[in-house]
Amino acid sequence: MTQKILVLPGDGIGPEITAQASRILAACQARGLDVEVEEGLVGGSAYDAHGDPLPAETLEKAKAARAILLGAVGGPKWDILEDLTKRPEKGLLGLRKNLGLFGNLRPAITYPQLADASSLKPELVAGLDIMIVRELTGGIYFGQPRGIEERNGERVGFNTYVYTESEIERIGRVAFEMAQKRGKKLCSVDKANVLEVTILWREVMERLAPEYPDVELSHMYVDNAAMQLVRAPKQFDVMVTGNMFGDILSDAAAMLTGSIGMLPSASLNESGQGMYEPCHGSAPDIAGQGIANPLATILSVAMMLRYSLDEPMLANRIEEAVGKVLDEGLRTADIASAGTRTVSTAAMGDAVLAAFEAL
Ligand code: IPM
Ligand code: MG
């Protein structure tokens, strides 16, 4: 059956990078991948066109799609919008929430060719392969009550950090299963020395552990985890954590790999429907210049093939093509170093496509 893919380029560099990823997707179609690709608006560009960062039409298309490929949303142009419900980010959060995409997979892999591009010593990061499993539809991002209101003559801002046992359990299972398929080590990150919600988090992880006897479960406070990520990152295999801690730790982990421009992500719901996006933002400072790194988005297509479309061979082929291009010494500006050749977004897309076809 033909499956639907929705491409949402978004804002800033989003359109440039998704254009390259779409070419790879088309190459997969030429090799028999049975999908129908549509485009839609989200984020600031959707706000400009429809006054809404997540127009009903986009949400309908997203619900009907097996997988969504998203570029990036946001930019200074829309930062002045005081109504948070109109901010571009709301388009992204609305998609996550409405589609129930609770399981966010953020791999941090240091390609050997890029160990020098990391801000950490190459020996600390060479061969790094971490999978951060971030809960994506709960926690303080969505907890109620929230707001800013007047109390006793001054304004008070408040959010609610809340997780139900069932929410913790379902992300826990994703993480345990992921660990079973990888190095069999799972580190659950919390702040159980201060926050009740994460005391519950830790309890639920402990309760699940006996069902996965081959996985070694450990716990770490989030402040220590941040430190350990930059001290000795190779100690980690799979990490599981809540929405906000995962947001922060995944940015830190991204930099270990040399550039956040390299990191794809998958956000999955219970039926395997998924949204795939680079971990980086819309980079408004370089938008429109044709210099952005399209590799995170191209690698997001690989994750889509693996997790939503059950096409692991095509996924491997894309990942191998990216490795080959890096071997050849081609780099976009963000990952350039001595002895490499700096190329544009489109030239990087050309090179990956050529390597993909040649494999
Ligand atoms: C991310 C981003 C988003 C988040 C923003 C854009 C809302 O930082 O995907 O990590 O905080 O989840
Ligand atoms: Mg983030």
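Here is a friendly conversation about some of the terms used for this predicted model.

Me: Why is Val 222 called buried?
Reply: Val 222 has a relative accessibility of 14%, and buried means under 20%, so Val 222 counts as buried. Val 222 lies in helix 9 (residues 222-231), and among the residues it touches are Val 189, Phe 245 and Leu 249.

Me: What makes Tyr 161 partly exposed?
Reply: Its relative accessibility is 21%. Tyr 163, at 5%, is buried.

Me: Why is the pair of Tyr 161 and Tyr 163 called edge-to-face?
Reply: Their ring centres are 6.1 Å apart, and rings pair if their centres lie within 6.5 Å. Their planes stand at 70°; over 60 degrees counts as edge-to-face, so this pair is edge-to-face.

Me: What makes the pair of Phe 176 and Tyr 212 stacked?
Reply: The planes of Phe 176 and Tyr 212 are 10° apart, and planes under 30 degrees apart count as stacked. The centres lie 4.6 Å from each other. Phe 176 sits in helix 7, while Tyr 212 is in the loop between helix 8 and strand 9.

Me: How do you know that helix 7 is oblique to helix 8?
Reply: Their axes cross at roughly 50°. That angle makes helix 7 oblique to helix 8, because under 35 degrees would count as roughly parallel and 65 to 115 as roughly perpendicular.

How values were computed
Residues numbered from 1 in each chain as written. Chains lettered and ligands numbered in written order. Predicted model: local features only at pLDDT ≥ 70, side-chain atom pairs only at ≥ 80, totals over all residues. Heavy atoms only, no water. Helix = DSSP H or I, 4+ residues; strand = E, 2+ residues; numbered from the N terminus. Buried < 20%, exposed > 50% of the residue type's maximum accessible area, 1.4 Å probe, protein only. Contact = heavy atoms within 4.5 Å. Axes fitted to C-alpha atoms, helices over the stretch in contact; angles between N-to-C directions. Parallel < 35°, antiparallel > 145°, perpendicular 65-115°, else oblique. Phe/Tyr/Trp six-rings, centres within 6.5 Å; stacked < 30°, edge-to-face > 60°. Lists of a residue's contacts leave out its neighbours within four places in sequence.
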